[in-house]
Amino acid sequence: MTKPFASSADTEEKPEDLEVLADGVYALVTGGDPNVGAIEAEDFLICFEARATPVMARRWLDRLREHTDKPVRYLVLSHYHAVRVLGASAFGAEAIITHAETKRLIAERGQQDWDSEFGRMPRLFTGHDTVPGLTWPTITFADSMSIELGGDRGTLELAWAGRGHTSGDIYAWLPRPRILFAGDLVENGSAVYTGDAYHQDWRTTTLDNIKSLNAEILVGGRGEIARTAPDSARAVELTREFLDLLVTSVDKVRRAGGTVREAYRAAREALLPGYGGMPVFEHAVVFDTQRVWEELAGEPPAIWTAERDREIWNQLT
Ligand SMILES: [Zn+2]
């Protein structure tokens with residue numbers, strides 16, 4: 001018998017609120033679904049994340065066009081996951097920017113990830129038949145990249161903080177208003193998906209690097225916007241605490257000679273009090289446990305396919 005994914009019961013459309021974070025800085029916050037953002041330069045726009053399909057992207061752009069009609073010069077993608085990249089064609093961007101590692105991951109596993117994520121989260125793929133194909137970055141970098149915004153708007157810094165949610169996540173940072181778009185490196189009021197993660201780096205140096213920015217406003221991959229420096233620091237620690245509980249509970253079962261299914265149960269129990277009511281909790285912990293198990297055995301992230309999703313789900317739940 002095949003058990004349905006926890007996420008397949010999640011069919012209700014979420015409210016979408018466009019928030020103006022500062023003059024010319026916008027975010028679309030979506031009730032636990034992937035957040036996206038936009039930064040206005042003097043003559044152009046930079047969009048951060050693309051959503052899962054051109055139809056979903058157009059909904060966001062329609063809202064954004066109530067505030068600005070500047071053309072999108074750069075579309076910045078924080079990492080390779082389908083729900084954040086496959087809407088790219090709707091932006092008509094001059095260039096698509098990612099970390100070099102993200103381009104490598106798209107080539108290696110982009111199609112499998114598309115099939116996997118569509119199977120797990122069909123609601124996020126409204127208009128899935130409008131996706132023209134995989135999204136290919138046209139500009140990549142390894143450490144950091146600055147974009148001059150023109151006028152007295154300062155610069156936008158794009159940077160890699162270390163391995164984390166994937167090996168290639170980047171963040172977007174506006175040093176002057178101290179606004180951080182953290183992508184899935186930080187979740188604020190959502191469970192944390194770690195199926196492609198490097199937990200040990202993420203929960204130590206990578207999150208330390210993010211925290212040292214001292215953001216005043218932090219937009220995470222999912223969940224609410226943190227609107228003060230203490231709230232932003234708390235969002236980082238909420239993410240770290242999730243990773244710590246996940247890794248320590250899986251590690252304990254593994255060292256005691258237990259099974260991955262027992263590790264899943266232990267991780268779920270450890271995380272339930274703090275994170276149980278949050279978006280994607282039941283969905284994420286299964287795949288997260290499998291990835292921690294493999295990382296502790298020294299393995300790189302395996303490629304998630306629609307078939308492997310089913311197999312692991314049936315095995316662990
Ligand atoms: Zn992701």
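In what order do the strands of the open sheet of 5 strands run? Keep that question in mind as you look at this predicted model.

1. **The sheet.** The order is E8-E9-E10-E11-E12, and the pairing is mixed. As a reminder, strands of a sheet pair through backbone hydrogen bonds, either parallel or antiparallel.

2. **Its edges.** Look for strand E8 (144-148) and strand E12 (217-220) at the edges of the sheet. Each has a single partner strand, so one side of each is left without a neighbour in the sheet. On average, neighbouring strands here are turned by 15° against each other, direction ignored.

3. **One pair up close.** Strand E11 (residues 179-183) pairs with E12 in the parallel sense, over 4 bridges.

4. **The zinc ion.** Which protein atoms are the donors of the zinc ion? They are NE2 of His79, ND1 of His81, NE2 of His165 and OD of Asp184, lying 2.1 to 2.4 Å from the ion. Along the sequence, these donor residues follow the spacing H-x1-H-x83-H-x18-D.

5. His79 sits in the loop between strand E5 (72-76) and helix H2 (82-85), while Asp184 sits in the loop between E11 and helix H4 (199-211). The two are 105 residues apart, so this pair links distant parts of the chain. Both His79 and Asp184 are buried.

6. **The angles.** Why is the arrangement around the zinc ion irregular? The 4 donor atoms subtend angles of 89 to 177°, whereas four donors count as tetrahedral if all angles lie between 85 and 135 degrees.

Technical notes: Residues numbered from 1 in each chain as written. Predicted model: local features only at pLDDT ≥ 70, side-chain atom pairs only at ≥ 80, totals over all residues. Heavy atoms only, no water. Pairing = 2+ DSSP bridges. Axes fitted to C-alpha atoms, helices over the stretch in contact; angles between N-to-C directions. Donors = N, O, S within 2.8 Å, 3.2 Å for Na, K, Ca; no water. Tetrahedral: all angles 85-135°; square planar, octahedral: opposite > 155°, others 65-115°. Buried < 20%, exposed > 50% of the residue type's maximum accessible area, 1.4 Å probe, protein only.
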